[in-house]
Amino acid sequence: MADLQDTYVVHCATVTCTQGMRGSMIVLQNTHGIYLKQMPLMTVADCVKHTNIINFGGCYSMENPSTQKAAEEVQKKCKRR
């Protein structure tokens, strides 16, 4: 059985996040010289936040500080009514 480190993803593969506002793409900054149908491949080890994965447009996760703050603001407005 293949190890996760031996798993490859092609450049420009589309990805989604269940908490994101839209889909995204994986981009490859440096090629390893490994290609599939002329598309460069990357491994799990190539994952660099804000570099190889384009953002998902926004985040609905309550673990995201921006989402937490927005939820608190909504609750404050509701309490004032």
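Contact here means heavy atoms within 4.5 Å. The structure is a predicted model, so local features need pLDDT of at least 70 and side-chain atom pairs count only at pLDDT 80 or more, while totals for chains, interfaces and linings use all residues. Residues are numbered from 1 along each chain as its sequence is written, and side-chain values use heavy atoms, with hydrogens and water left out.

Ser-61 sits in the loop between S5 and helix H1 (65-80); helices (H or I, at least four residues) and strands (E, at least two) are DSSP runs, numbered from the N terminus. With 16% relative accessibility, Ser-61 counts as buried. Buried means under 20% relative accessible area, exposed means over 50%, and partly exposed is in between (1.4 Å probe, protein chains only). The side chain of Ser-61 also reaches the backbone nitrogen of Glu-63, at 3.1 Å. That counts as a polar contact, a pair of N or O atoms within 3.5 Å; within protein, one must be able to donate a hydrogen and the other to accept it, and residues adjacent in sequence count only if both atoms are side-chain atoms.

Over on the helix side, Thr-67 lies in H1. Thr-67 is buried too, at a relative accessible area of 13%. Leaving out neighbours within four places in sequence, Thr-67 is in contact with Cys-59, Tyr-60, Ser-61 and Met-62. Cys-59 turns up again in another pairing: Thr-18 and Cys-59 are 41 residues apart in sequence and 9.1 Å apart in space, C-alpha to C-alpha. Thr-18 belongs to the loop between strand S2 (14-15) and strand S3 (24-25), and Thr-18 is exposed, with a relative accessible area of 77%.

Now for the sheet. Three strands make up an open sheet in the order S1-S5-S4, with antiparallel pairing; two strands pair if DSSP finds at least two bridges between them. Strand S1 (8-10) and strand S4 (35-36) are the edge strands, each pairing on one side only. S1 is joined to strand S5 (residues 39-43) by three bridges, and the two run antiparallel. Along this pairing, Val-9 stands opposite Met-42, and Val-10 stands opposite Leu-41. In a regular strand the side chains alternate between the two faces of the sheet. How enclosed is S5? Four of the five residues of S5 are buried, so S5 is largely enclosed by the rest of the structure.

On the other flank, S4 and S5 pair over two bridges, again in the antiparallel sense, and Leu-36 has Met-39 as its bridge partner in S5. These two strands form a hairpin with two residues between them. Lys-37, in the loop between S4 and S5, has a positive phi of about 50 degrees although it is not a glycine. Lys-37 is exposed, at a relative accessible area of 77%.

Met-39 counts as partly exposed, at 30% relative accessibility. Its contacts, not counting residues up to four places away in sequence, are Val-10, His-11, Cys-12 and Ile-34. Met-39 and Val-10 are 29 residues apart in sequence, yet 6.2 Å apart in space, C-alpha to C-alpha. Cys-12, another of those contacts, lies in the loop between S1 and S2. Cys-12 has a positive phi of about 75 degrees, although it is not a glycine, and is partly exposed, with a relative accessible area of 33%.

That leaves the pockets. On a 1 Å grid over the protein atoms alone, a pocket is an open set of points where a 1.4 Å probe fits, with protein on both sides within 12 Å along at least five of seven lines, and lining residues have an atom within 4 Å of a point. The largest pocket has a volume of about 340 Å³, where a volume is the space filled by probe spheres set on the points, and grid points are joined across faces, edges and corners. Its lining takes in 14 residues, of which Lys-49, His-50, Ile-53, Asn-55 and Phe-56 lie nearest its centre. The lining of the largest pocket divides into six nonpolar, seven polar and one charged residue.

Notes. Ala, Val, Leu, Ile, Met, Phe, Trp, Tyr, Cys and Pro count as nonpolar, Asp, Glu, Lys and Arg as charged, and the others, Gly among them, as polar.
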